[in-house]
Amino acid sequence: MNPKEVLEYGAKHNSVMVDLKFMDFPGLWQHLSVPFDELNEAAFEDGYGFDSSSIRGWQPINASDMLVVPDASTAVMDPFTQHPTLSLICDIVEPDTRAPYSRDPRYVARKAEEYLRSTGIGDTAFFGPEAEFFIFDDIRFDQGPNHGSYRIDSNEGRWNSGRDEQPNLGYKPRYKEAYFPVPPTDSLQDIRTEMCLELKKLGIQVEAQHHEVASGGQCEIDIRFAPLLQMTDQLQWFKYVVKNVARRHNKTVTFMPKPILGDNGSGMHTHISIWKDGKPLFAGNGYAGLSDMALWFIGGVLEHSSALCALTNPTTNSYRRLVPGFEAPVNLAYSGRNRSAAVRIPTVSSSPRAKRVEVRFPDPSCNGYLGFAALLLAGLDGIERKLSPGEPLDKDIYGLSPKELEGVRSTPATLEEALDALEVDHGFLLKGDVFTQDVLDMWLAYKREKEVNPMRMHPTPMEFALYYDI
């Protein structure tokens, strides 16, 4: 839609408000709303002023004025507001120069697409993330100078098999065995279907929904692949829809990678392919039916994987999931059909259009705009340098001995390690000015100051269990 069509669309749906959504630096949607009669065609150029010093990782208070500028092509009706509300995803613009704001994550994703086209390698990068999540019935957490605790509950949780529920009916998935029994063991079928229907209203195509492996309400809804910027917008709608549908049912959703001890964490396996002039470029006669270009793309992702983790696995909790010897693909190898490898080549169709690579280490705490842009740039660096990914590892990597794993690198063990890797290896992200040095410096500073250092200083319940009596 163009601005005129957006105004007609909003009027047709009796809009009384316009919700202006944009992404903050770490990865949460923010919004402000204006009356619908305040929206006109000029607003799609002029934007609306706001205080960016109150947005995490953005401007200091002495340079806080910024503009939020709606993108007409993103217009939809918000499915959760009581009063008819037109929703627009926005870009952030400098008020004096009218230049796009370099720390706007959506701008980074837009530049990544532009860089792909500028290389001549391709014109479209398709992304298909599988963002897993948990639906809980209760979550409590608290932290003070002399106490710290969290408590999760789920009616599906196996830990409640002995609880007096008057009556307890016993249909609670076993740990690591919730992929995927039918109802009544899967109690979340109808909620997931409702989520799918809301996504469909927004024009987002759903391919499948199901329970995931972990007890306690782990779920997955797969949405159809789309070009990078479009998919990152859809990923934000996906999280918004999933959380708000759950709230309708007095439940709560988290995209934390590892909220439950001893059971599977939530990943975001990300399917990627590059096309040009409507033709897929990753199909060929090489290993697993891949082209040389696809293998070089994998080589780039593996080459830069430690640095990528700082953006694709950007929380301290991410590394509770990425632990060697458990379910997460920490070993930096590639393989066809092998879910124990960090990069997998799915075999779902003989059509060249279905040929893609699946990067399995990212998780859904990722800011998609930054994480997907970084994955694309790493792969493009591999293509430009013709980086070989080495030999595939067509074995159950989890079952290999230490000797057999010699020479196979692993993902970083902590967020701090990933940030250190990004500080050293980031030249590939600066190509095409997609990421600026300022963006990377702010990311490193924010993560270290706001997340790594506080986690260093806070005692945990497990430390009391281990050390109190020493």
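Trainee: In this predicted model, is C219 buried or exposed?

Mentor: A residue counts as buried when its relative accessible area is under 20%. The relative accessible area of C219 is 0%. C219 is therefore classed as buried.

Trainee: Which cysteine sulfur is nearest to that of C219, and how far away is it?

Mentor: A disulfide requires two cysteine sulfur atoms within 2.5 Å. By this rule the count is zero disulfides, and C219 is accordingly in none. Its nearest cysteine sulfur belongs to C196, at a distance of 10 Å.

Trainee: Is C90 buried or exposed?

Mentor: The relative accessibility of C90 is 1%. The threshold for burial is under 20%, so C90 is classed as buried.

Trainee: Which backbone oxygen does the side chain of S15 reach?

Mentor: S15 is placed in the loop between α1 (3-12) and β1 (17-23). Its relative accessibility is 9%, so S15 counts as buried. Apart from residues up to four places away in sequence, S15 touches G10, F36, M77, P84, T85 and L86. At 2.9 Å, its side chain reaches the backbone oxygen of G10.

Trainee: What radius of gyration does the chain have?

Mentor: The C-alpha trace spans about 65 × 60 × 50 Å along its principal axes. For 470 residues, a compact globule would have a radius of gyration near 23 Å. The chain agrees with that expectation, its own value being 23 Å.

Trainee: What percentage of the residues in the chain are buried?

Mentor: The chain exposes about 21,400 Å², of which carbon and sulfur atoms supply 51%. Of the contacts between residues at least 6 apart in sequence, 69% join residues at least 24 apart. Among the 470 residues of the chain, the buried share is 53%.

Trainee: Which residues are joined by a cis peptide bond with omega of about 5 degrees?

Mentor: The loop between β9 (147-153) and α4 (189-201) contains P167. F180 is also placed in the loop between β9 and α4, and a cis peptide bond with omega of about -20 degrees joins Y179 and F180. The bond with omega of about 5 degrees joins Q166 and P167.

Trainee: Is D277 buried or exposed?

Mentor: D277 lies in the loop between β14 (268-276) and β15 (279-280). D277 is not a glycine, although its phi is positive at about 55 degrees. Because its relative accessible area is 63%, D277 is classed as exposed.

Technical notes:
Residues numbered from 1 in each chain as written. Predicted model: local features only at pLDDT ≥ 70, side-chain atom pairs only at ≥ 80, totals over all residues. Heavy atoms only, no water. Buried < 20%, exposed > 50% of the residue type's maximum accessible area, 1.4 Å probe, protein only. Helix = DSSP H or I, 4+ residues; strand = E, 2+ residues; numbered from the N terminus. Polar contact = N/O pair within 3.5 Å; in protein donor to acceptor, adjacent residues only side chain to side chain. Contact = heavy atoms within 4.5 Å. Rg over C-alpha atoms; globule rule 2.2 N^0.38 Å. Areas by Shrake-Rupley, 256 points an atom, 1.4 Å probe, with all protein chains shown as cover.
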